[in-house]
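Colleague: I would like a close look at one part of this model. Please take a single side chain and its surroundings, and keep it brisk.

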Amino acid sequence: EKSIVWDRFDVDLTVNTDGTFDVAEHQAIRFVDGTFSFGYRNIDKSNLGYISDWAITDASGNTYTESYSGSRYTCTVDDQGDEYVIRWFFPTTSVPETYTLTYKVHDGLRYYTGGDQVWWKAIYGDRQFPVLAGRVRVLLPAPATVQQYAAYINGNDARNEANSEVLDDGRAIIFDLLG
């Protein structure tokens with residue numbers, strides 16, 4: 001049976017002054033058994049308006065163009081109502097590669113009287129294969145600062161599974177998964 005391992009799954013979230021936020025997922029994938037010709041990512045739409053500005057690149061320098069041909073270095077973004085399904089197609093391989101998926105989330109922040117929230121499944125849990133290491137970095141625009149924070153893994157408090165550090169005078173926070 002085919003299998004993969006995410007050696008690293010790093011995510012950068014940059015909150016913009018217009019209320020959108022940019023996401024960059026850096027997925028370092030090692031193909032353990034078998035050869036592969038595509039990757040995919042599903043994103044639940046229940047807590048956001050919509051996503052735009054999709055892009056995919058790989059560490060080898062290839063930029064993937066949107067096309068439904070399924071040919072090498074192309075990608076598709078399908079809005080299936082309750083989720084987006086993103087697929088990218090690469091040459092058949094068993095060699096490790098890092099893929100970067102970027103996009104802009106609209107209407108995904110939560111606004112409250114006591115403070116606003118970034119609530120995002122950065123390293124999503126509904127996957128068949130393990131993530132060995134990961135980091136999530138959230139950057140806020142001035143004058144916003146981190147006031148309170150929490151990390152969750154599969155809906156559970158992750159204080160024993162992730163370290164956190166507030167940086168840049170409270171404008172950034174990094175969560176590192178503990179191995």
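What is the relative accessible area of Arg-137, and does that make the residue buried, exposed or partly exposed?

Modeller: Arg-137 has a relative accessible area of 30%, so it counts as partly exposed. Buried means under 20%, exposed means over 50%, and partly exposed lies in between, with a 1.4 Å probe and protein chains only. A word on the source: this is a predicted model, numbered from 1 along each chain as its sequence is written, in which local features need pLDDT of at least 70 and side-chain atom pairs count only at pLDDT 80 or more, while totals for chains, interfaces and linings use all residues. Side-chain values use heavy atoms, leaving out hydrogens and water.

Start with the strand. Arg-137 sits in β11, residues 134-139. Strands here are DSSP runs of E, at least two residues, numbered from the N terminus.

Next, the neighbours. Setting aside residues within four places in sequence, Arg-137 is in contact (heavy atoms within 4.5 Å) with Val-11, Asp-12, Leu-13, Ile-173 and Ile-174. Ile-173 is 36 residues away along the chain, yet its C-alpha atom is 5.7 Å from that of Arg-137.

Now the side chain. The side chain of Arg-137 makes a polar contact with that of Asp-12, at 3.1 Å. A polar contact is a pair of N or O atoms within 3.5 Å; within protein, one must be able to donate a hydrogen and the other to accept it, and residues adjacent in sequence count only if both atoms are side-chain atoms.

Asp-12 has another partner. Arg-135 forms a salt bridge with Asp-12, with the closest N and O atoms 2.7 Å apart. This pair links distant parts of the chain: Arg-135 is in β11, Asp-12 is in β1, and 123 residues separate them. A salt bridge puts a side-chain nitrogen of Lys or Arg within 4 Å of a carboxyl oxygen of Asp or Glu. Side chains of opposite charge can pair when their charged atoms come close. Asp-12, Arg-135 and Arg-137 are linked in a network of salt bridges. Asp-12 has a relative accessibility of 11%, so it counts as buried, whereas Arg-137 is partly exposed.

For context, the model has 7 salt bridges by this rule. Among them, Asp-22 pairs with Lys-104 at 2.8 Å, N to O. Asp-22 lies in β2 and Lys-104 in β8 (residues 97-106), 82 residues apart. Asp-22 is partly exposed at 26%; Lys-104 is buried at 16%.

How values were computed
Helices (H or I, at least four residues) and strands (E, at least two) are DSSP runs, numbered from the N terminus.
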